Number of protein chains: 2
Amino acid sequence: MAGALSHINGNSVLHVPRRPNPRQFPCRVFKVSMSCNQSYWASINSDIEAHLKQAIRIREPLTVFEPMNGLTFAAPLSTVPTLCVAACELVGGHRDVALPTASALWLMHSASYTHEHLPLMHSSRPKSDVRHLYGPNMELLIGDALIPFGFELLANSDDPARNNSNRILRVMVEISRAIGSQGMIHKQYHQVESYQSNNAKSDHLEKIEQHEGALHGCAAACGAILGGGSEEEIEKMRRYGVYVGKVASGVERNDKEMKKLVEEMRASATKELRGFNEAKVQAISNYFESNFMCAQV
Amino acid sequence: MAGALSHINGNSVLHVPRRPNPRQFPCRVFKVSMSCNQSYWASINSDIEAHLKQAIRIREPLTVFEPMNGLTFAAPLSTVPTLCVAACELVGGHRDVALPTASALWLMHSASYTHEHLPLMHSSRPKSDVRHLYGPNMELLIGDALIPFGFELLANSDDPARNNSNRILRVMVEISRAIGSQGMIHKQYHQVESYQSNNAKSDHLEKIEQHEGALHGCAAACGAILGGGSEEEIEKMRRYGVYVGKVASGVERNDKEMKKLVEEMRASATKELRGFNEAKVQAISNYFESNFMCAQV
């Protein structure tokens, strides 16, 4: 993990601790462990990272683009963008067509992570031990800038030669729903609430799990849309993503519950992958399996 | 102003003071005075408001949609969305085709206003006297939700019957640039900087003016794109918007400078409107003239 983040940040000073404090919210940030056999997924992450570095190259005004660059790569890795590219390839699409969308999803994850750790006054949010290298003002502003920048990457990926406008627009609707009031924001609301109120904790945790599932489902569906998948394939990928996301949400459970969930998800997820290219299914499954293992650690 | 906002909020409890504290940033929030002869503009605002109320109807979960509704209508009126619709009509388009984009611009203005007044710890931002009815956590989250929600409205306005996908995508790129790192965020950065450092104040104020101009220019260009304007008309509208925005930025100047700017802008703006439908030019000019007057108050 540390190695992966050092590589991504490309410098020795990190904005955030390499592993977020697991006590901060009652869910664990999904662990992406490079020690597992994940060369396929590592290659996807590396391509998304290269795409993003090209898009947010450091330029004038440095006061804006330096922290924008730093905060983009400071958040812990998320499985959401990776899943988008994998789904695109699984339905037979070329990786390149999914990279702008995966980059947009990465940016939105970074924006969410940055804002999640903002030190607000008069707030009952859990205290974060994240270091604020750029200062809270700039981190608020950059978080705000990353979201539209993600949409800009998406809209720019419209290519008349590919006649893909309708796919891009469909992906935009999917993503805006997943990260807006009906998605990521709602999840964050439940994260804060679950921390504050012990009474309705299980309700909040269920919502967190649902939303993380929906976000991963959205990413996988978007990948399938961009890759030219059929409607059936798109919905299969969405369901597959939901299973991955539910485990990825890392909502704390006791061992027995966790084992049961993992078994259920494994079976359901495997079912969704039937009928796709065997070699690719193997690559995507390996990762999921290793994440199941990670989730059980 | 008070009347207009009460009407928009539809209730007697306002989240924010009806007029923001002009000392907060070294620029004045543009005044939209209903006492001027602005029935054309009032009708546009009323239509955008109706469109938004339909889009963000209060529903479950109330904890999310109530503050989302409240914060959408709590910010002072902005000329940006209105200008978008006016530009669409000026190039011969129907008002309806510009309403989703104008609503998105409204939402982005509300998001920006909400975040601008967040009480951050360890921050040298000027203290805001805005009341935080929903609490800082929720205001941070809702601000984050309003931006993707704006993009969702935009993407949803794609209509195969109108074959307008390319226009919608073009508008998305325009808006994401205008509100992202190259636009609104950069302006806010300069607002904060100009407050903190007296040394380079004039540089910062110039940037604020440029960005407000660019944002208005973007809105007008988007209206013209959606209304089916030619490339020449789109660029005319963009330049017209830039003039409106520069005055609207309300950067504090001494009387002599202000008068000079207003005269220059009036002449340049009038030039850009030559060749369009006379009656519509009159309606749009009336508003601009009255704003010039307001700006000189």
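How far apart are B:Lys53 and B:Glu49 in helix H2 of chain B, counted in helical turns? About one turn, because the two residues are 4 residues apart in that helix, which covers residues 39–55. Please keep in mind that this is a predicted model.

The side chains of B:Lys53 and B:Glu49 form a salt bridge, with 3.2 Å from N to O. B:Lys53 is partly exposed, at a relative accessible area of 35%, whereas B:Glu49 is buried, at 7%.

B:Arg238 and B:Glu174 make a salt bridge of 2.8 Å, N to O. B:Arg238 sits in helix H10 of chain B and B:Glu174 in helix H7, so this bridge ties together parts that are 64 residues apart in sequence. B:Arg238 is partly exposed, with 22% relative accessible area; B:Glu174 is buried, with 16%.

Helix H7 of chain B, residues 165–179, also holds B:Arg170. That residue is partly exposed, at 31% relative accessibility. Its contacts beyond four places in sequence are B:Ile225, B:Glu231 and B:Ile234.

Now chain A. A:Glu272 and A:Arg239 are joined by a salt bridge of 2.9 Å, N to O. A:Glu272 belongs to helix H11 and A:Arg239 to helix H10, 33 residues apart, so-called distant parts of the chain. A:Glu272 is buried, at 7%, and A:Arg239 is partly exposed, at 39%.

Also in chain A, salt bridges link A:Asp47, A:Glu89 and A:Arg95 into a network. Over all chains, the salt bridges number 16.

Definitions and conventions. Residues are numbered from 1 along each chain as its sequence is written. Chains are lettered from A and ligands numbered from 1 in the order in which they are written. This is a predicted model: local features need pLDDT of at least 70, side-chain atom pairs count only at pLDDT 80 or more; totals for chains, interfaces and linings use all residues. Side-chain values use heavy atoms; hydrogens and water are left out. Buried means under 20% relative accessible area, exposed over 50%, partly exposed in between (1.4 Å probe, protein chains only). Contact means heavy atoms within 4.5 Å. A salt bridge is a side-chain nitrogen of Lys or Arg within 4 Å of a carboxyl oxygen of Asp or Glu.
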